Amino acid sequence: IPIEIQVSNLYDQNNKLLGRVGVFRDIRKQLAYEAKITENKHLYEAVVENINDAVYIYQNGKIVFVNEQMTKLYGYSLKDFQTINLASLFETQEIGKEILNNARLRLQGEKVPDNYVLKVRTKTGQLKPSEFSAKLISFEGEKAILAVVRDLSETYQHEQEINKLYTAIQSSPQAIIIASTWGVIQYCNKVVPMYLGYNSYKELL
């Protein structure tokens, strides 16, 4: 049986050592609890190191764990994340302070948004659009926040390219029509109604 022993000296009124008193405590439950915590920690690490998204754990006012994808995405090491002013990672200090306040409220059991999209500052100063999904968990026996972060840079880039294409089509002096194989008009630029004698493109769709 695993036990913990605490020994204290016993003295008389003249400060003469009379003997020692020992207290024995069964620590099987404590060891089982610690083993469970270690098992859970290894499980977290095994899961988060094998997914494509970035993951971090926030606890006691700081980031205590990041997976490899998190360091690749933003360029910071775990030590960087632990020492940097976290509010400065976001597009503005005000947004950063609001996020940290939401984290504090979440840990207190208050209801705050689980998902949000923000721009995060990388170590090189680039702002990356990122989607966050946060959940309250227990990590090493204490409340913590597990956040999964997805890089939206490619999505934003595609949206910008689509917007540029849309602007180019709308600004073209040529009539442009997109129709289905059945001849149903699905899209036309603003020149088409003028050529066909309509007041609005909506009359064609």
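1. In this predicted model, the hairpin of strand 6 and strand 7 has two residues between the strands, and Glu-140 there adopts a positive phi near 55 degrees. The two strands, residues 127–139 for strand 6 and residues 142–151 for strand 7, run antiparallel and are joined by ten bridges. Within this pairing, Leu-136 stands opposite Ile-145 in strand 7.

2. Strand 6 also takes part in a second hairpin, formed with strand 5. Here five residues lie between the strands, and Gly-125 in the turn has a positive phi of about 95 degrees. Strand 5 covers residues 115–121 and runs antiparallel to strand 6, with seven bridges between them.

3. The pairing of strand 3 with strand 4 is antiparallel and extends over four bridges. Tyr-58 has Ile-63 in strand 4 as its bridge partner.

4. Strand 3 pairs with strand 7 as well, in the antiparallel sense and over five bridges. In this pairing, Tyr-56 stands opposite Ala-147 in strand 7.

5. Taken together, five strands make up an open sheet in the order 4-3-7-6-5, with antiparallel pairing. Strand 4 (62–66) and strand 5 are the edge strands, each pairing on one side only. From one strand to the next, the twist averages 35 degrees.

6. How many cavities of 30 Å³ or more does a search of the whole structure find? The search finds one, and the volume of the largest cavity is about 250 Å³. In general terms, rolling a probe the size of a water molecule over the atoms shows where empty space is left.

7. Which residues lie nearest the centre of the largest cavity? They are Tyr-56, Ile-63, Phe-90, Ile-99 and Phe-132, out of 20 lining residues. By class, the lining comprises 18 nonpolar residues, one polar residue and one charged residue.

8. Three aromatic pairs are found in a search of the whole structure. One of them is formed by Phe-90 and Phe-132: the ring centres are 6.2 Å apart and the planes stand at 45 degrees, so the pair is tilted. This pair links distant parts of the chain, since Phe-90 is in the loop between helix 3 (78–83) and helix 4, while Phe-132 is in strand 6, 42 residues apart. Phe-90 and Phe-132 are both among the residues nearest the centre of the largest cavity.

Notes
Residues are numbered from 1 along each chain as its sequence is written. This is a predicted model: local features need pLDDT of at least 70, side-chain atom pairs count only at pLDDT 80 or more; totals for chains, interfaces and linings use all residues. Side-chain values use heavy atoms; hydrogens and water are left out. Two strands pair if DSSP finds at least two bridges between them. On a 1 Å grid over the protein atoms alone, a cavity is a set of points where a 1.4 Å probe fits but cannot get out, and a pocket is an open set with protein on both sides within 12 Å along at least five of seven lines; lining residues have an atom within 4 Å of a point. Grid points are joined across faces, edges and corners, and a volume is the space filled by probe spheres set on the points. Ala, Val, Leu, Ile, Met, Phe, Trp, Tyr, Cys and Pro count as nonpolar, Asp, Glu, Lys and Arg as charged, and the others, Gly among them, as polar. Axes are lines fitted to C-alpha atoms, for helices over the stretch in contact, and angles run from 0 to 180 degrees between N-to-C directions. Rings of Phe, Tyr and Trp (its six-membered ring) pair if their centres lie within 6.5 Å; planes under 30 degrees apart count as stacked, over 60 as edge-to-face and the rest as tilted.
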